[in-house]
Amino acid sequence: MRHITTYDAPATGLRSIGDTSWHTRGVCHGMDPEDADATFFPLPRDHEAIAEAKEMCGLCPVRRDCLNYALENVLKEGIWGGLTEAERRPWHDGMPQRLDYSRVLAFFNGRDVYLTESERQVVIDHAYVRGWRPDRLAGALQISRKHARDLLRQAANKIFDRDRTLGVPRRKTKRKQTTPATSRPAPTTSAAGQPVSRPVASASTHAPFGKAA
């Protein structure tokens with residue numbers, strides 16, 4: 001806790017797993033290190049000290065960043081984000097399944113954020129839908145190109161299986177239809193080069209005889 005309250009760094013706007021720029025905006029920033037340790041690391045049954053720490057955390061503008069920092073760095077001791085060790089235990093246990101779309105959106109906007117397993121899978125699925133190449137995904141997730149290619153292939157198979165289960169028809173490519181040209185007989189020319197008109201057979205020539213005949 002000592003480096004949390006005394007560390008000074010310019011705000012960068014990033015919230016990665018190692019980002020500490022939010023510390024300077026915390027209510028506890030600038031506290032005496034011994035007072036901070038006594039306040040935020042009380043004994044489990046010291047309810048008065050716990051209540052004092054929670055009161056300070058309730059006024060803190062970076063309370064959520066503080067909680068995320070403790071969860072992402074597996075800090076299970078002390079009070080972080082206004083929650084005690086026992087209160088944060090379910091959050092730690094469910095950390096791999098946490099899904100925060102604001103963090104996913106921040107990742108696609110180029111920010112260096114910590115992604116849980118669920119958030120990472122959402123990024124892979126959206127990367128496939130957006131048509132990312134393996135090289136781009138490998139650079140974003142800091143993995144090998146082969147690994148990125150396998151992840152995109154798995155995302156493609158998952159979406160294909162989902163559409164097949166739900167009965168979504170596959171998109172068909174439209175073929176360009178060509179209208180056949182009507183064949184017309186070439187005009188006959190005479191020896192003098194003038195076109196020769198052919199007699200048109202009358203419709204009544206082959207018509208059956210009726211009362212009008």
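Predicted model: local features only at pLDDT ≥ 70, side-chain atom pairs only at ≥ 80, totals over all residues.
Local features are reported at pLDDT of at least 70 and side-chain atom pairs only at pLDDT 80 or more, while totals for chains, interfaces and linings use all residues. Residues are numbered from 1 along each chain as its sequence is written, and side-chain values use heavy atoms, with hydrogens and water left out.

Helices here are DSSP runs of H or I with at least four residues, numbered from the N terminus. Helix 7 (residues 117–129) and helix 9 (residues 145–166) have axes that come within 9 Å and cross at roughly 80 degrees. Each axis is a line fitted to C-alpha atoms over the stretch in contact, and angles run from 0 to 180 degrees between N-to-C directions. The two helices, helix 7 and helix 9, are therefore roughly perpendicular to each other, a term that covers angles of 65 to 115 degrees. On the helix 7 side, the contact (heavy atoms within 4.5 Å) is made by R120, Q121, I124, D125, A127, Y128 and V129. Helix 9 contributes H147, L151, L152, A155, A156, K158 and I159. By class, the contact of helix 7 with helix 9 has nine nonpolar, two polar and three charged residues. In this scheme Ala, Val, Leu, Ile, Met, Phe, Trp, Tyr, Cys and Pro count as nonpolar, Asp, Glu, Lys and Arg as charged, and the others, Gly among them, as polar.

Side chains of opposite charge can pair when their charged atoms come close. The whole structure has nine salt bridges, each defined as a side-chain nitrogen of Lys or Arg within 4 Å of a carboxyl oxygen of Asp or Glu. One of them pairs R64 with D100, with the closest N and O atoms 2.7 Å apart. R64 lies in helix 4 (residues 63–72) and D100 in the loop between helix 5 (85–93) and helix 6 (101–108), 36 residues apart. R64 counts as exposed at 54% relative accessibility, whereas D100 is buried at 16%; buried means under 20% relative accessible area, exposed over 50%, and partly exposed in between, with a 1.4 Å probe and protein chains only.

R98 forms a salt bridge with E72, the closest N and O atoms being 3.6 Å apart. This pair also links the loop between helix 5 and helix 6, which holds R98, to helix 4, which holds E72, across 26 residues. Both R98 and E72 are buried.

R145 of helix 9 bridges to D135 of helix 8 (residues 134–141), 10 residues apart, with the closest N and O atoms at 2.7 Å. R145 is partly exposed, at 43% relative accessibility. Salt bridges that share partners join E72, R98, R103 and E119 into one network.

Note on methods. Parallel < 35°, antiparallel > 145°, perpendicular 65-115°, else oblique.
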